[in-house]
Amino acid sequence: NDSRIIVSDDVFAYSMKQRRINDRIHGDRADAEKDYDNLIMSGANLRSLEDYERWKARSEALRNKSAFMQKQLGSEVLEQSNGETAIVYFLQRMENPGLYLLDEPENSLSLENQMKLVEYIESSAHWFNCQFIIATHSPIFLSMKGARIYDFDENPVKTKKWTEVENVRTLYDFFKTHEAEFGKGV
């Protein structure tokens with residue numbers, strides 16, 4: 001079984017690492033182009049074993065420039081939004097049965113991605129014997145099926161239904177105040 005603590009800083013660091021990989025590739029591209037041009041312009045004469053290795057590399061480069069460039073630079077990482085990157089990060093780290101402690105997983109996630117992650121967590125808890133301890137302010141995460149909510153803003157700490165948590169009530173009141181506006185066309 002796995003046990004893992006995932007905090008929002010981990011997700012952010014992962015996202016920044018993905019970007020640094022692509023930045024390095026973009027920065028090195030001019031040098032790789034220069035190496036390609038030098039190799040292509042070099043003669044095809046064979047005078048030694050060293051010439052043979054260069055000739056072989058030149059032949060491969062002539063056959064497929066993109067393969068040469070990828071070999072020199074590596075593959076770019078698919079760039080995604082912060083939220084999409086965060087979802088990938090969570091899913092990759094919560095693949096096995098275990099105990100997962102999540103600190104504000106809603107950071108960087110749109111409402112849609114919060115709902116996707118909640119669905120994944122609910123399925124993992126139900127079908128794969130995973131347990132989750134989640135520190136959150138998100139009504140989406142607080143509304144999870146079977147969640148036991150401890151309100152640490154209370155002294156002493158109390159368990160509550162998600163609809164009783166203060167920030168959920170505040171959000172509910174906000175939408176109730178603006179309810180009439182939702183009936184109007186956009």
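This is a predicted model: local features need pLDDT of at least 70, side-chain atom pairs count only at pLDDT 80 or more; totals for chains, interfaces and linings use all residues.
Trainee: OK, how many helices and strands are in the protein chain?
Mentor: Eight helices and five strands. Those are DSSP runs numbered from the N terminus: H or I of at least four residues for helices, E of at least two for strands. The order from the N terminus is β-α-α-α-α-β-α-β-α-β-β-α-α.

Trainee: And how much of the chain counts as buried?
Mentor: 28% of the 186 residues. Buried means under 20% relative accessible area, with exposed over 50% and partly exposed in between, using a 1.4 Å probe on protein chains only.

Trainee: Tell me about α5. Which of its residues are buried?
Mentor: N113, Q114, L117, V118, I121, E122 and S124. The helix covers residues 111-127 and reaches 24 Å from first C-alpha to last, close to the 24 Å expected; the expected span is 1.5 Å times one less than the number of residues.

Trainee: What comes after α5?
Mentor: N129, which has a positive phi, near 60°.

Trainee: Switching to cores. Which residues have the most contacts inside the largest nonpolar one?
Mentor: F90, M94, L102, L117 and I121, out of 18 residues. A nonpolar core here is a set of buried Ala, Val, Leu, Ile, Met, Phe, Trp, Tyr and Cys residues joined through side-chain atoms within 4.5 Å.

Trainee: Which element gives the most to this core?
Mentor: α4, with four residues. There's also a second, separate core of seven residues, including Y36 and F68.

Trainee: What does L102 touch, leaving aside neighbours within four places in sequence?
Mentor: I6, F90, M94, I121, F132, I133, I134 and A135, where contact means heavy atoms within 4.5 Å.

Trainee: Last topic: which residues are closest to the centre of the largest pocket?
Mentor: I134, A147, R148, I149 and Y150, of 29 lining residues. The lining divides into 16 nonpolar, six polar and seven charged.

Trainee: Where does the largest share of that lining come from?
Mentor: β3, with five residues. For the terms, a pocket is an open set of points on a 1 Å grid where a 1.4 Å probe fits, with protein on both sides within 12 Å along at least five of seven lines, and lining residues have an atom within 4 Å of a point. Ala, Val, Leu, Ile, Met, Phe, Trp, Tyr, Cys and Pro count as nonpolar, Asp, Glu, Lys and Arg as charged, and the others as polar.

Key. Residues are numbered from 1 along each chain as its sequence is written. Side-chain values use heavy atoms; hydrogens and water are left out.
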